[in-house]
Amino acid sequence: MGKRLLLYLLIGCAMAANMEESMAVKVRHYKFEVAYIYWSPDCEEKMMMGINGFFPGPTIRAKAGDTIVVELKNSLPTEGVVIHWHGVKQLGTPWADGTASISQCAINPDETFVYRFQFYHGHYGMQRSAGLYGSLIVDVADGEEEPFYYDGEHNVLLSDWWHESVHAQMLGLSSIPFRWVGEPQAILINGRGQYNCSLAAHLTEGTSSYKITNKQCAPVVLQVHPNKTYRLRISSVTSLSSLNLAVGNHNLTVVEADGNYVKPFNVNDMDVYSGETYSILIRTDQNSSLNYWISIGIRGRLPKTQQALAILNYHPNSLSMLPSSNPPVTPQWNDYTHSKAFYYQILAMHGTPTPPPNSDRMISLLNTQNKIDGYIKWSINNVSLALPPIPYLGSMRYSLKNIGKPPENFLEDYDVMKPPINPNTTKGSSVYKIEFNNTIDVVLQNTNALSGNVSEIHPWHLHGHDFWVLGHGDGKFRKNDTSKFNLRNPPLRNTVVIFPYGWTAIRFVANNPGVWAFHCHIEPHLHMGMGIILAEGVELISKVPNEALACDITGQLLTKNKPH
């Protein structure tokens, strides 16, 4: 099955060194070097993180079943780095998931770590907002076919960009008084945008073309031929922003979500949340003498960032010819009815595996904003996630640490429509131990934040698994809501949204030995504690590599003394 996968801490910049064939499967070798570079993503030069000297990194492309080997060198002067291979389940290689303090130690400056797995985003601190991301496309295996036809394809990688450094953002989130990161200065398409300068402004100025000489921020142009069908592989690695995508005068046919085929449906525009990937088809059947706008706007937050614009260029029109019409208008930021109308249409394609009819365990997660000693935090069941210096995968595999049991539900009388009566919370490990091969239901319950009449969108991402999205609802989840679960054709996803003041229910089978993060994909929210850890079948892991354990002196002693 064709997949579009993101990399958290490192996605994309790779230069293939060589490939070794093993029958029909290939081993693809890459060398990545993460370092600071000067770049101008929105025509304003800033220092940022790059891979092999570029931003974003080049796209990695592989076939299902291929083995990826990445030798990652950390050339950052003072901070660690890891790579998360978003959407890759890491079957049999849980230490390669790339989550610092969970699956491995952060890679220290001047050190190298080798990732090897079948079938990539930075997952340490808030490095995604510092520019560390890219794309991985996994095509169908030889001899297999997609269930839809297309003549060509384009990749559309969406991100948000701040002028303030990621270190200043993190300091503000951990300060008294609290300093929010604010809205991004630009939305980037394939790493390019324009700060305080809209391409559409050229139309009002009476010009029909544009000229931006800086290639690092030049508008993205997708070239197409008339009367063809094109696949757009869309992925969002935004740190904060929920987005809406539209193509002027063209319908969008959604055919894939998070690497899983869905029942095709047509829309005029679509919402894309952080961590989500989609494939859509467009038919180039409009007036071929014109070019058309591709617009990306903010959803779920009062927009203070201008639309990002790209150009759909019909051959043989000039690449710099501006569309003659105005860009599509992004729906009102808080029109959640519009958002839900799109989201609830996503259903599994016929033939997709269906969920087990019953679950062995239900975990209810209350998502709240709280305080610890005056610092603003996010909590799950009144526990704000705090990660240890030694990764959970190693410490649990070798029984080096006693881990408490976090709460599995919340008080029935909690009013999700109002701010918490008691805003105080505590830090904790939030490790949920799950019996191997059990079927687990998780209910994500959204609430009002600390301020009145505020409830935010939260896209939640699960590592190591796909899950079935059984249902959504408004208000508070009730036990009888299980009767509304869709067990016939629920979509398989790895990222799912909880809407303001609502709930979302998922089901997955705990059949992948490892320790896996489940968290809000909005970076500031995760930094402030919005996540949990799921541990399953850890005793079945034969050996954790030494380099995934030795974080510090304690870790090195641990490595020397661990059982064999």
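## Exercises on strands, cores and a disulfide

Ser159 has Leu188 of strand β11 standing opposite. The model is a predicted one, in which local features need pLDDT of at least 70 and side-chain atom pairs count only at pLDDT 80 or more, while totals for chains, interfaces and linings use all residues. Residues are numbered from 1 along each chain as its sequence is written, and side-chain values use heavy atoms, with hydrogens and water left out.

### Exercise 1

Work out how strand β10 is placed in its sheet, and in which sense β10 and β11 pair.

Solution. Begin with the terms: helices (H or I, at least four residues) and strands (E, at least two) are DSSP runs, numbered from the N terminus, and two strands pair if DSSP finds at least two bridges between them. By this rule β10 pairs with β11 (residues 186–189) in the antiparallel sense, over 4 bridges. Next, β10 also pairs with strand β13 (residues 229–236), here in the parallel sense and over 7 bridges, with Leu158 having Ser236 of β13 as its bridge partner. From β13 one can go on to strand β18 (residues 277–283), which runs antiparallel to β13 and is joined to it by 7 bridges; Arg233 stands opposite Ser279 there.

The whole open sheet has 6 strands in the order β11-β10-β13-β18-β15-β16, with mixed pairing. Because β11 and β16 (260–267) stand at the edges with a single partner strand each, one side of each is left without a neighbour in the sheet. The twist averages 25° from one strand to the next, where axes are lines fitted to C-alpha atoms (for helices over the stretch in contact) and angles run from 0 to 180 degrees between N-to-C directions.

Last comes burial, where buried means under 20% relative accessible area, exposed means over 50%, and partly exposed lies in between (1.4 Å probe, protein chains only). In β10 (residues 152–161), 8 of the 10 residues are buried, so this strand is largely enclosed by the rest of the structure.

### Exercise 2

The loop between β20 and α3 holds Thr330, which counts as buried because its relative accessibility is 17%. The side chain of Thr330 makes a polar contact with the side chain of Gln307 at 3.0 Å. Such a contact is a pair of N or O atoms within 3.5 Å; within protein, one must be able to donate a hydrogen and the other to accept it, and residues adjacent in sequence count only if both atoms are side-chain atoms.

### Exercise 3

Decide which cysteines form a disulfide, and whether Cys217 is buried or exposed.

Solution. A disulfide is taken as a pair of cysteine sulfur atoms within 2.5 Å, and by this rule the count comes to 1. The link joins Cys43 to Cys217, with 2.0 Å from S to S, and is right-handed, with 100° about the S-S bond. Of the two partners, Cys217 is buried because its relative accessible area is 0%, whereas Cys43, at 36%, counts as partly exposed.

### Exercise 4

Find which residues have the most contacts inside the largest nonpolar core.

Solution. A nonpolar core is a set of buried Ala, Val, Leu, Ile, Met, Phe, Trp, Tyr and Cys residues joined through side-chain atoms within 4.5 Å. The largest has 71 residues, and Met270 and Phe518 have the most contacts inside it. Leaving aside neighbours within four places in sequence, Phe518 is in contact with residues including Leu365, Val442, Trp460, Ile506 and Leu534. A second, separate core has 44 residues, among them Trp95, Leu132, Val431 and Val544.

Methods:
Contact means heavy atoms within 4.5 Å.
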